[in-house]
Structures are given as C-alpha cells and as structure tokens.
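Please keep the sequence and the model at hand while reading.

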Amino acid sequence: RPEFTDSSTGSHYLTPDDFAAIYNVKPLYAAGFDGTGVTIAIAGESDIALGDIRSFRAAAGLPQKDPVVVLAGPDPGTNSGAETEADLDIEWAGGVAKNATILYVNSTSGFGSAAYVVEHNLAPILSISFGVCEPQLTSAELTSLANVFRQANAQGITVLASSGDTGA
C-alpha cells in the first residue's frame, strides 16, 4: 500500500510499494522476479518479535511469510537496539523480495552470525546491518572479517553490508 499513513499519528511512512516505484522494481515484479525461490540470510544478534514482522507485512499488503530462525550458538535473548535493527532488516528484505525465504541467523554477535552463514553456505545472499568504522577494529578482527568475506565470495555469496551509523 503506497503512501501509508499511520491512522493514530498521521505520520507518513515509506512502504515496499513506494520503494518499488522509486527504484523502478515494478517491471521486475511484472516479469516474475519477486524473490520466489531465493533465500536471503540476515545476520543478527538478538531474538526477534515475529508480531512486528507480521504487522509490517500485513500493513504493507504483503503475503504472510515468517522468517526461518536459525540459532548459531547460545541464544542472545532480546537486545532492544539489535532487535529493532533485525526487524527492519527482515521486514525490508522480505518487503522488496516479497516471496523470498528470509533466514534470520541469530547469535551473540552479528559478525559471528555472518560467519555462520558462510561456513554453512546457508544462502546465496547475506545481509549484515551491523557496521563499525574500520579503525575501531583490531588488525585481527579486520583479518578475520576479510577472510569470511573472501570465503563468501569464493562460494558465490553476495554480501550486503550497511555503511554503519558512524561511517565506514
């Protein structure tokens, strides 16, 4: 539903239909490219609220399709900031590729979840919302991440990463 307006606040929000219009995705949908048969892995570090994802999809007029949750280590529980970020990532990956299978890989570290996706070759697309400016990482951390992403590349995995709220 484009031009969504919240009935309680009057605020206007961008929806998947708006995104499809702005970025000219509608011709892809018309040609049958809507995420069907595609798996997108989202790396996370918090439990999620399925009700939030379901509400987003209902408000956007999308088919109901819950993400598949994979626990990649100890359950981190709910971290409110990381949970909100995970909800957004799941909602928008599934909002644009509306019939894709969204795999939410959850662990105590977003980068650890990303590594798990690559190590287990879980999906051809990996989205990482957690970012940090490179100088904030140790040399060992940078090397480790570079190795994970090199391996992803070798396996044909497309990795999408945020620029980070503090710059990259």
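## Helices α5 and α6

In this predicted model, Phe111, Ala115 and Val118 of α5 are in contact with Leu145, Val148, Gln151 and Ala152 of α6. Sorted by class, the residues of this contact comprise six nonpolar and one polar, with no charged residue among them.

Helix α5 covers residues 110-119 and helix α6 covers residues 139-154, and the two pack at an angle of about 30° with their axes 9 Å apart. Since angles under 35 degrees count as roughly parallel, α5 and α6 are therefore roughly parallel to each other. The crossing that α5 and α6 make is left-handed.

## The sheet

Five strands make up an open sheet, in which the order is β4-β5-β3-β6-β7 and the pairing is parallel. Strands β4 and β7 (158-161) lie at the edges, each of them pairing on one side only. On average, and with direction ignored, neighbouring strands of this sheet are turned by 25° against each other. Helix α5 packs on the sheet, where α5 touches β3 (39-44), β4, β5 and β6 (125-128), and the direction of α5 makes about 150° with that of β3.

## Strands β4 and β5

Strand β4 (residues 68-71) and strand β5 (residues 101-106) run parallel and are joined by four bridges. Within this pair, Val70 stands opposite Val105 of β5, while Val69 has Tyr104 of β5 as its bridge partner. In general, the strands of a sheet pair through backbone hydrogen bonds, in either a parallel or an antiparallel manner.

## Helices α3 and α4

Helix α4 also packs against helix α3 (residues 50-59): their axes come within 10 Å and cross at roughly 35°. The crossing of α3 and α4 is right-handed, whereas that of α5 and α6 is left-handed.

On the α3 side, the contact is made by Asp52, Ile53, Phe56 and Arg57, and on the α4 side by Glu83, Asp87, Ile90, Glu91, Trp92, Gly94 and Gly95. By class, the contact of α3 with α4 has five charged, four nonpolar and two polar residues, whereas the contact of α5 with α6 has no charged residues.

Technical notes:
Residues are numbered from 1 along each chain as its sequence is written. This is a predicted model: local features need pLDDT of at least 70, side-chain atom pairs count only at pLDDT 80 or more; totals for chains, interfaces and linings use all residues. Side-chain values use heavy atoms; hydrogens and water are left out. Axes are lines fitted to C-alpha atoms, for helices over the stretch in contact, and angles run from 0 to 180 degrees between N-to-C directions. Angles under 35 degrees count as roughly parallel, over 145 as roughly antiparallel, 65 to 115 as roughly perpendicular and the rest as oblique. A crossing is left-handed if the near helix is turned anticlockwise from the far one by less than a right angle, and right-handed if clockwise. Contact means heavy atoms within 4.5 Å. Ala, Val, Leu, Ile, Met, Phe, Trp, Tyr, Cys and Pro count as nonpolar, Asp, Glu, Lys and Arg as charged, and the others, Gly among them, as polar. Two strands pair if DSSP finds at least two bridges between them.
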